[in-house]
Amino acid sequence: MSNIQETIRSGKLPQHIAIIMDGNGRWAQQQGHERTFGHKNGVEAVRSIIEGAGELGIKYLTLYAFSTENWNRPKEEIEMLMGLLIQSIHNELEKLIKNHVRLMMTGRLSDLPESCQNALQDAIDRTAFNDGLTVVLALSYSGRTELTDAVRAIAQKSANGEITPSEITPETISNHLYHNEIPDPDILIRTGGDYRISNFLLWEIAYSELFFSPIMWPDFRKENLFDIIYDFQHRERRFGKTGEQVREQ
């Protein structure tokens, strides 16, 4: 157990951590390699973060793996990423099962190649009853797309007479998101040194604590995650209240 891990208070753990895994391509180029080299090395960072989150007892970990905008990347890079996804699932599945990790996916599954859909669905089905950490892969995902799909579903219900416009509340919208059963992220982390949300969980991160790390994703490890959680535990989350009100609770 690392020194920083020992200082983390188990009674104040975040339920849900979301991560924008940025910097793979730049990391590779800085070392004189093609961008794909960075994506392949990023798998080790994923493995380390899943391990660390599981050690602490985190309930949910959402990883931004492929956005809807990423379909605009070069065809060769997309094909490599899809192949890497399938390979990683095959390589890691037994370990996930052994460690009681449940795998889920958020985004438009039907956008992915059929081979990716099949590999994902198999892994989701085989880990469905695991009761440890839930890892959610955001694939062909964007916050605006999720909200668009939610609005369309609500509009259809309104057209069918199931709900009136005046009955629509923030809870209505939340209930029509891809995974309304998962709590909103307590922490959003972006690696790679940029300070952007990049269309990720736009509704769900309304009250998330934001952390921007200069570390490129392939170099990010569970010790870096522990540092962020330690910082999180020393932040005051007010949710619109005053600091005095929070401290009196």
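Which residue is the bridge partner of Arg-102 in β4? In this predicted model, the partner is Thr-134. Strand β3, which spans residues 102-106, and strand β4, which spans residues 134-141, are joined by 5 bridges and run parallel. Strand β3 is also mostly covered, with 4 of its 5 residues buried.

The packing of helix α3 was examined next. Two packed helices are described by the angle between their axes and the distance between the axes. For α3 (residues 35-56) and α8 (residues 222-232), the axes come within 8 Å and cross at roughly 45°, which makes α3 oblique to α8. The crossing in which α3 passes α8 is right-handed. On the α3 side, the contact is made by Ser-48, Ile-49, Glu-51, Gly-52, Ala-53, Glu-55 and Leu-56, while α8 contributes Lys-222, Leu-225, Phe-226 and Ile-229. Sorted by class, this contact of α3 with α8 has 6 nonpolar, 2 polar and 3 charged residues.

Helix α3 also meets helix α4 (residues 75-98), and here the axes come within 11 Å and cross at roughly 30°. Because angles under 35 degrees count as roughly parallel, α3 is described as roughly parallel to α4. Here too the crossing is right-handed as α3 passes α4. The residues of α3 that make this contact are Arg-35, Thr-36, His-39, Lys-40, Val-43, Arg-47 and Glu-51, and those of α4 are Glu-77, Met-80, Leu-81, Leu-84, Ser-88, Glu-92 and Lys-95. By class, the contact of α3 with α4 divides into 4 nonpolar, 3 polar and 7 charged residues.

Methods:
Residues numbered from 1 in each chain as written. Predicted model: local features only at pLDDT ≥ 70, side-chain atom pairs only at ≥ 80, totals over all residues. Heavy atoms only, no water. Axes fitted to C-alpha atoms, helices over the stretch in contact; angles between N-to-C directions. Helix = DSSP H or I, 4+ residues; strand = E, 2+ residues; numbered from the N terminus. Parallel < 35°, antiparallel > 145°, perpendicular 65-115°, else oblique. Left-handed = near helix turned anticlockwise from the far one by under 90°. Contact = heavy atoms within 4.5 Å. Nonpolar A, V, L, I, M, F, W, Y, C, P; charged D, E, K, R; others polar. Buried < 20%, exposed > 50% of the residue type's maximum accessible area, 1.4 Å probe, protein only. Pairing = 2+ DSSP bridges.
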